[in-house]
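Hi everyone, thanks for coming along.

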Amino acid sequence: MKRIYIREEYCMGCRLCEIHCLVQHSKSREIIKAYKGEYPKPQPRLIVEEKGYLSFALQCRHCEDAPCLEACITGAMYRDRETGAVLCDEDRCVGCWMCIMVCPFGVISRNLEGKKVASKCDLCMGEETPVCVRNCPNEAIVYEEKT
């Protein structure tokens with residue numbers, strides 16, 4: 001399975017990955033409208049962690065043995081058969097937040113728009129390459145299959 005990998009030695013903390021992720025998951029998919037015209041403002045599905053000179057993007061690792069899959073009481077968290085990605089079916093999510101509590105990386109959050117459901121990286125389903133990878137100026141985020 002292809003996954004997103006971070007090369008923190010190349011990350012400069014520019015947060016372009018966050019911006020492009022937010023725009024990708026907005027209603028308008030236009031940067032100015034997403035930031036200035038949509039309420040509530042869309043959430044990026046990744047966060048950039050920074051400490052001193054070290055920075056890196058942090059998003060769902062789509063674990064092989066994903067604790068969120070086991071913890072989900074409704075089956076809203078599921079593994080896509082084609083890609084192997086761990087996804088959330090927002091129609092089935094009841095907002096119990098068990099997935100948030102068990103995620104070892106702390107990358108699942110509450111979606112603050114409309115219905116209160118879990119929000120996480122979906123690898124930009126339907127896109128050939130996730131937008132965070134495609135728009136990283138230093139290639140600090142890569143999307144590849146490692147053996």
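Quick word on the ground rules. This is a predicted model, where local features need pLDDT of at least 70 and side-chain atom pairs count only at pLDDT 80 or more, while totals for chains, interfaces and linings use all residues. Residues are numbered from 1 along each chain as its sequence is written, and side-chain values use heavy atoms, with hydrogens and water left out.

Okay, domains. Their bounds come from an automatic or database domain assignment. Here that assignment gives domain 1 (1-59 + 123-147) and domain 2 (63-120). The C-alpha centres of domain 1 and domain 2 are 19 Å apart. The contact between them, meaning heavy atoms within 4.5 Å, takes 11 residues from domain 1 and 17 residues from domain 2.

Now the core. A nonpolar core here is a set of buried Ala, Val, Leu, Ile, Met, Phe, Trp, Tyr and Cys residues joined through side-chain atoms within 4.5 Å. Buried means under 20% relative accessible area, exposed means over 50%, and partly exposed is in between, using a 1.4 Å probe and protein chains only. And the background: in soluble globular proteins, nonpolar side chains tend to be buried together.

So which residues have the most contacts inside the largest nonpolar core? They are Ile4, Met77 and Ile141, in a core of 34 residues. At least two residues each come from strand S1 (3-6), helix H1 (16-24), strand S3 (54-58), strand S5 (86-88), strand S7 (117-119) and helix H5 (131-134). By the way, those helices (H or I, at least four residues) and strands (E, at least two) are DSSP runs, numbered from the N terminus. S5 gives the most to this core, with 3 residues. And why does the core lie between the domains? Because domain 1 (1-59 + 123-147) and domain 2 (63-120) both give residues to it.

Let's zoom in on Ile4. Leaving aside neighbours within four places in sequence, Ile4 is in contact with a list of residues including Gln59, Cys121, Leu123, Pro130 and Ile141.

Helix H1 is worth a look too. Its buried residues are Cys17, Glu18, Cys21, Leu22, Val23 and Gln24. What covers them? Helix H2 (31-37), S2, S3, H5 and strand S8 (141-144) are among the elements that do.

Next, the hairpin. Strand S2 (residues 47-51) runs antiparallel to S3, paired over 5 bridges; for two strands to pair, DSSP has to find at least two bridges between them. S2 and S3 have 2 residues between them in this hairpin, and Gly52 in the turn has a positive phi of about 60°. If you want to trace the pairing, Glu50 has Ser55 as its bridge partner in S3, and Ile47 stands opposite Leu58.

Phe56 is in strand S3 as well. Is Phe56 buried, exposed or partly exposed? At 24% relative accessibility, Phe56 counts as partly exposed. Beyond its neighbours within four places in sequence, Phe56 is in contact with Ile6, Glu8, Cys11, Ile47, Val48 and Glu49.

On to rings. How many aromatic pairs does a search of the whole structure find? It finds 0, where a pair needs ring centres of Phe, Tyr or Trp (its six-membered ring) within 6.5 Å, with planes under 30 degrees apart called stacked, over 60 edge-to-face and the rest tilted. There are charges over rings, though: Arg61 lies over the face of Phe105, at 5.6 Å from the ring centre, and the charged end of Lys146 is over the ring of Tyr5, 4.2 Å from its centre. The cut-off there is NZ of Lys or CZ of Arg within 6 Å of the ring centre and within 35 degrees of the ring normal.

Tyr39 and Pro40 are joined by a cis peptide bond, with omega about -10°, and Pro40 is in the loop between H2 and S2. Leu123 isn't a glycine, yet it has a positive phi of about 55°. Leu123 is found in the loop between S7 and H5 and is buried, with a relative accessible area of 5%. Cys124 lies in the loop between S7 and H5, with a positive phi near 50°, and counts as buried at 5% relative accessibility.

For contrast, look at Gly114, in the loop between strand S6 (109-111) and S7. Gly114 is exposed, with a relative accessible area of 62%.

That's me done, thanks!
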